[in-house]
Amino acid sequence: MKFLPFLLSFIFLILHLSGQTVVRGEVDIQHHHHHKQRITKLFVFGDSYADTGNVNPRGFAPSWKHPYGVTFPGKPAGRFSDGRVITDYIAEYLKVKSPASYRIIKDLTPQHLKSGMNFAISGTGVFETLNHGSNMTTQISFFEKTIEDKVFKTSDIRKSVALVSIAGNDYIRYIVTNESIQGLPSFISSVINQTITNIIRIKELGVRKVMISNLQPFGCLPQETVSSSFKQCNETSNNLFVAYHNTLLTEAVTKLNQQMNDQSSSSFIVLDIYDSFMSVLKHPSTYSIKNELEPCCVGVSSEYFCGMVVKKVKMYKVCENPKSAFFWDLSHPTDAGWRAVYTRLRITNALKQIHDH
């Protein structure tokens, strides 16, 4: 992270020269009077912020180990949280069940497919990442195959929306594998370009609308705040690639909506996860959060992590009340944390755009 001060000044220079300003609000909501057709399905793409069980239970993923899932559903279920993740809350908003995981598609009946499907898998990036062979393109190909195999009818897809949640695995890979960060701004552009290509492809498969989350404040994740004993965010990281990524994403999505033939509403919606995280972290009591930066579940020392067991000995500790904590482990919110983020999205009317036709 020694490169951060240099990158900070570099990106601010880019933003200044191009006249760009960081936009943290949602894409403008357009108001129209029209009939609202019921959304019956949700299709999900992305990483551990949206994954509800696609990681192989036989692997090393802690999401299938205790104490993950202790709040919901009461046992480990593949979610990187003590309970629900953003997928579950978006499904709740749409009044559908959380969609089934693609990993178990062979075991699913038509009844299980009623609310859509989740293709998100932990560790995924827009491109290849450090710990996974999958990427967003692969997930969309899986979705395309379900349409080709008539798992989902065209009429089903028309009544669906998609959630795309990519939380920064591409940047973690970049920082780990590159000695210099001089090329990071152009890498950010390539991530945004590929993201736009991906969401266009999802839309062309017939989905009515595509929600795409921007990046959370990386500098506020416990993996960053541990250096200050979980007392303050690393603003250098937040003002760094996160701000630049989110600015480019908002601009690209706004431009994309302007290019769409259907001018009545936005086909692509930016979910301002950054704003939601920051709102909760700055005003935790508003969302019934008492411990905003310190994770609930942590390893007993730096070489261990939440859920890790060595010779039948738990090498982690869990807080007394996960409902009072925003973060569950070093990088993922708790069930309560995600509920707070979801509450903020509702307060700002970000989700209202889903129903605008």
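Trainee: Why is S288 called exposed?

Mentor: Exposed means over 50% relative accessible area, buried under 20%, and partly exposed in between (1.4 Å probe, protein chains only). S288 has a relative accessibility of 57%, so S288 counts as exposed. The model is predicted: local features need pLDDT of at least 70, side-chain atom pairs count only at pLDDT 80 or more, and totals for chains, interfaces and linings use all residues. Residues are numbered from 1 along each chain as its sequence is written, and side-chain values use heavy atoms, with hydrogens and water left out.

Trainee: Where does S288 lie?

Mentor: S288 is in the loop between α9 (273-282) and β7 (297-299). Helices (H or I, at least four residues) and strands (E, at least two) are DSSP runs, numbered from the N terminus. The phi of S288 is near 60°, a positive value in a residue other than glycine.

Trainee: Why is K312 called exposed?

Mentor: The relative accessible area of K312 is 82%, and therefore K312 is exposed. K312 belongs to the loop between β8 (309-310) and β9 (313-314).

Trainee: What makes strand β4 mostly covered?

Mentor: Six of the six residues of β4 (residues 160-165) are buried. S160, A162 and V164 point one way, while V161, L163 and S165 point the other way.

Trainee: How do you know that β1 and β4 pair?

Mentor: Two strands pair if DSSP finds at least two bridges between them. Strand β1 (residues 41-46) and β4 are joined in the parallel sense over six bridges. G46 stands opposite S165 in β4.
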